[in-house]
Amino acid sequence: MLDQNEVERLEAEAVNAAAVRQPLYAPRKKIFPKRASGNFRRFKWVVMAITLGIYYLTPWIRWDRGEFAPDQAVLVDLANRRFYFFFIEIWPQEFFYVAGLLVMAGLGLFLVTSTVGRAWCGYTCPQTVWVDLFLVVERAIEGDRNARIKLDNASWSAGKLAKRVVKHTTWLAIAVATGGAWIFYFADAPTLLVDFVTGHAVPEAYITVAVLTATTYVFGGLMREQVCTYMCPWPRIQAAMLDENSLTVTYNDWRGEPRSRHAKKAAAEGKIIGDCVDCNACVAVCPMGIDIRDGQQLECITCALCIDACDNVMDKIGKERGLISYATLSDYNANMAIATDGGAAAISPDRVRNDDGSLVGTIAHFHVRKIFRPRTFVYFGAWAAVGLVMLYALLVRDRIDINVLHDRNPQFVLLSDGSIRNGYTVKLLNMVPQQRIFTLELDGLPGGYMTIAETGAPESRVATVGVEPDRLRTLKVFVRLPAEAAAQGNQDFSFVVKDTGSSETDRYEATFVTPEN
Ligand code: SF4
Ligand code: SF4
């Protein structure tokens, strides 16, 4: 175990701290985050591997839908206006499912934020993940914090130039791969890859890759924390979703203050000091360039790397972990009240520790039951309700559809035998990737018969029609009513379409128009 005086002190200064807030339009102060190690860092590696893996590999997953539909598991088929997601196929008229998913994503974000603060920002936001990835490259080529600062301050040399060229080239390669992966979601990935590298892809593909390459490189490599601080609206919105029971990364100054770099000297002088040895390890690892000891800040993405850094320091000096921790405001306030004697005095670690140095039993700790509160129930209830409605709609949805348009001009034709004929454009939709045989039937309209121009079959009340896999078939249908039946005036009836291979059916209410209306 190290003495408090033996902890390494890092010359790290918060560049975004409230006390040194830069004016707008000031040149950016570079941040050189030190590599962190610990539980949260390991968790972030896992999340990073999963999210990047999903993004880059998903377009390459195959899903057999038969010979009439693409075999790419996730595909936005713009040419045929379809969205495929494994066994689900969404047609344009079913786009409300996608809207529902977006609503669920929004509500899920509210739920996560009200529970564990900005976990989205700290772990899964693409900006965070790609900046992390770019930092991995930077560290591998230029070294950790001190080496990077030294290199940055050094005058240009062949070595520095070589490192910078390798770094930016690798960043650009990642950026190209990122833009490249995106277009594979919109066409058959293996085919598009060959077309792309041989110069036969459509111009839109090259433009999309170029734009995404540029944004990934600039946002992830050059702008980094500035995107979160200045461009992203989420930090401004999320404050409304937090309450006193939301978890946020917190510096527990009730046990850390007064901080001291010279514990022995302070003890010799009879001063009471807290657990913070003012080593700046928490500042050095922060990718946002802030000092969490300044309190809650808009810039903090709650990545928890400062927790790892401080826990390592606490381990070294034999103190409990958690000087920086995930904590709720209500717990923090309760502990602060203990340390300050209800706010009547300055923080004194004496009040939070027993004589043997352990923390007093009245210290509040986070309990999982705090997650279950009205706000989170409302968010979860709304999220689950949308999900269940969508699931139900998905399970009972028809894969057959009929749409009918009555001829407008003329609305009816008087035939030589006195009967009346109406014309309709009937659209039959086969929404499965297999050929299907439908029957089209007149329901109602006694005495009425129909002929279908395309089939040439004799007049009947039921006709059989084949529809190609995953296609819409348009038919010109003439319905004829004898003179005596037509004398009753306009009549409502239905076109009914049925799949001969299943029980699926759909109907369209239509009107037969007569001169007697
Ligand atoms: S203060 Fe801590 S949690 Fe917040 S961004 Fe910096 S390292 Fe991450
Ligand atoms: S909070 Fe922890 S990591 Fe930060 S300066 Fe104090 S002891 Fe060091």
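In which strand is the place of Val496? Val496 falls in strand β13, residues 491-499; strands (E, at least two residues) and helices (H or I, at least four) are DSSP runs numbered from the N terminus. The model is predicted: local features need pLDDT of at least 70, side-chain atom pairs count only at pLDDT 80 or more, and totals for chains, interfaces and linings use all residues. Residues are numbered from 1 along each chain as its sequence is written, chains are lettered from A and ligands numbered from 1 in the order in which they are written, and side-chain values use heavy atoms, with hydrogens and water left out.

Val496 counts as buried, at 7% relative accessibility. Buried means under 20% relative accessible area, exposed over 50% and partly exposed in between, with a 1.4 Å probe and protein chains only. Val277 is 219 residues from Val496 in sequence. Their C-alpha atoms are 80 Å apart in space.

Aromatic contacts were counted next. Rings of Phe, Tyr and Trp (its six-membered ring) pair if their centres lie within 6.5 Å; planes under 30 degrees apart count as stacked, over 60 as edge-to-face and the rest as tilted. The count by this rule is 22 aromatic pairs. Phe96 and Tyr97 form a tilted pair, because their ring centres are 4.5 Å apart and their planes stand at 35°. Phe96 is partly exposed, with 47% relative accessible area. Tyr97 is buried, at 6%. One aromatic cluster is formed by Tyr55, Tyr56, Trp130, Trp182, Tyr185 and Phe186.

Charges also sit over rings. The criterion is NZ of Lys or CZ of Arg within 6 Å of the ring centre and within 35 degrees of the ring normal. Arg41 places its charged end over the ring of Trp45, 3.6 Å from the centre.

Ligand 1 sits in the second largest cavity. A cavity is a set of points, on a 1 Å grid over the protein atoms alone, where a 1.4 Å probe fits but cannot get out. A molecule sits in it if more than half of its atoms lie within 2 Å of its grid points. The residues around ligand 1 include Val249, Cys286, Cys300, Thr302, Cys303 and Cys306; a residue is near a molecule if one of its heavy atoms lies within 4 Å of it. This shell has 11 nonpolar residues, one polar and no charged. Ala, Val, Leu, Ile, Met, Phe, Trp, Tyr, Cys and Pro count as nonpolar, Asp, Glu, Lys and Arg as charged, and the others, Gly among them, as polar.

Thr302 has a positive phi of about 55°, although it is not a glycine. Thr302 lies in the loop between α13 and α14. It is buried, with 4% relative accessible area.

Ligand 2 has 13 residues around it. Cys276, Cys279, Asn280, Cys282 and Cys310 come nearest. Helices α13 (281-285) and α14 (305-317) each supply at least two residues of this shell. By class, the shell around ligand 2 has 10 nonpolar, one polar and two charged residues.

Further backbone features lie in loops. Leu445, a residue other than glycine, has a positive phi near 55°. Its loop runs between β9 (436-444) and β10 (449-452). Leu445 is buried, at 2%. A cis peptide bond joins Glu257 and Pro258, with omega about -5°. Pro258 lies in the loop between α11 (253-256) and α12 (263-268). Another cis peptide bond joins Asn409 and Pro410, with omega about 0°. Pro410 is found between β6 (400-406) and β7 (413-414), in a loop.

Methods
1 Å grid on protein atoms, 1.4 Å probe; cavity = no way out; pocket = protein on both sides within 12 Å on 5 of 7 lines; lining within 4 Å.
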